[in-house]
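Colleague: I would like to learn how to read the features of a model such as this one, with the general idea given before each case. Could we have the structure on screen and begin with its interior?

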Amino acid sequence: MPQHPDEGTERTRPSVAAALAATELAAAGVGPARTEAELLVAYVLGVRRGALALADPLTPGQLARLRNLVDRRSRHEPLQHLLGTAAFRHLELAVGPGVFVPRPETELLAGWGIAQARRVGRAEPGGAELAGETGPAIPAADRQPGPAIVVDLCSGTGAIALAVADEVPGVRVFAVERAAPALAWLRRNAGERAGAGDPPIEVVAGDVADPSLLGDLAGRVDVLLCNPPYVPDGTAVPPEVAAHDPADAVFGGPDGLAVIRFVLARAARLLRPGGALGIEHDDTHGTVVPDLLRADGRFVDIADHPDLVGRPRFATARRAGATA
């Protein structure tokens, strides 16, 4: 990041630092450049982005640190790795090398799952009904005693699982992850959120390909959610993904469906009758994944949902066998 004449020799105003950083990021093809530049300046200053106008100028040491961060971001190191966190719904989650960075579009799947867990009608002590935006509560004949049970497969950072625990009172959440590096981030985030006062989740080291996964929950799960690796092998991805996200958290085999097929099998076994399934998929899978659900024969109420820019992004269904 070049020196600006207005920087002087002592302190640099945040607006000047952000403008210089944005210019360099834009030249490297990183965007939105101004937003990311302001986030980096705020990070270096230890303030929120919205407080930059009132923040003290950067010291020479802080400016040197900012220059290093801008250089790394210009080489397409993920912004979230530089900041050490990723925002997800109402949470800030620790991220870094070895774990997939949660994306904004996955917040839609999480929100759908949260609404389903609320609909169960037994997520609060005493079984109080919690109406969700997607319909009435689950019929009493299809409920089980105890808290609602939600499973998050291929959990990664724990973003979906922790969002559910944060937003659904009294829920019991299981977060399943196979990869050891990601599992470490998941356990860290689960511990930090519990330490902050959120309801604890149950972290499980397991593989979605294992038919015996969560065997003691067979037929008892109310909501099963998953953001699996689903990009078809060989697909071109942004440099931040190619160089920094774990390949086994991104790519899902030649057609992108290898892990999704395992997820459907696990969901059919784990969900109770009427239990809800939500699974994220590639934007080329808007008809393929619903067709897989129909062909399986154990799911009903199958639908697909768009992401923030209107592309097909996640499929939903219910386990057949619910009381009419």
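Modeller: In soluble globular proteins, nonpolar side chains tend to be buried together. The largest nonpolar core here has 34 residues, and those with the most contacts inside it are Leu 153, Leu 214, Leu 224, Leu 293 and Phe 299. A nonpolar core is a set of buried Ala, Val, Leu, Ile, Met, Phe, Trp, Tyr and Cys residues joined through side-chain atoms within 4.5 Å, where buried means under 20% relative accessible area, exposed over 50%, and partly exposed in between, with a 1.4 Å probe and protein chains only. This is a predicted model, in which local features need pLDDT of at least 70 and side-chain atom pairs count only at pLDDT 80 or more, while totals for chains, interfaces and linings use all residues. Residues are numbered from 1 along each chain as its sequence is written, and side-chain values use heavy atoms, with hydrogens and water left out.

Colleague: Which elements each supply at least two residues of this core?

Modeller: Helices (H or I, at least four residues) and strands (E, at least two) are DSSP runs, numbered from the N terminus. On that basis the elements are β3 (149–153), β4 (172–177), β6 (221–226), α9 (258–270), β7 (271–280), α10 (288–296), β8 and β9, and α9 gives the most, with seven residues. A second, separate core of 30 residues includes Ala 161, Val 171, Val 173 and Leu 186.

Colleague: With which residues is Leu 293 in contact, leaving aside its neighbours within four places in sequence?

Modeller: Contact means heavy atoms within 4.5 Å. Leu 293 is in contact with Leu 264, Leu 277, Phe 299, Ile 302, Ala 315, Thr 316 and Ala 317.

Colleague: Which residues does the UniProt annotation "binding site" (unreviewed entry) cover, and how do they lie in space?

Modeller: UniProt positions are given in the numbering used here, feature names are shortened, and annotations may be inferred rather than shown by experiment. The annotation from that unreviewed entry covers Glu 177 and Asn 227; although they are spread over 51 residues of sequence, they cluster in space, with a largest C-alpha distance of 11.3 Å. Glu 177 lies in strand β4 and is buried at 10% relative accessibility; leaving aside neighbours within four places in sequence, its contacts include Cys 154, Ser 155, Gly 156 and Leu 186. Asn 227 lies in the loop between β6 and α8 (239–244), is buried at 16%, and, not counting residues up to four places away in sequence, touches Phe 100, Thr 106, Leu 109, Leu 153, Cys 154, Ile 160 and Glu 280.

Colleague: Why is α6 described as largely enclosed by the rest of the structure?

Modeller: Eight of the nine residues of α6 are buried, so the helix is largely enclosed; among them are Ala 159, Ile 160, Ala 161 and Glu 167. Ser 155, in the loop between β3 and α6, is likewise buried, with a relative accessible area of 7%.

Colleague: Where does Val 309 lie, and does it count as buried or exposed?

Modeller: Val 309 lies in the loop between β8 (299–306) and β9 (312–319), and it counts as exposed because its relative accessibility is 61%.
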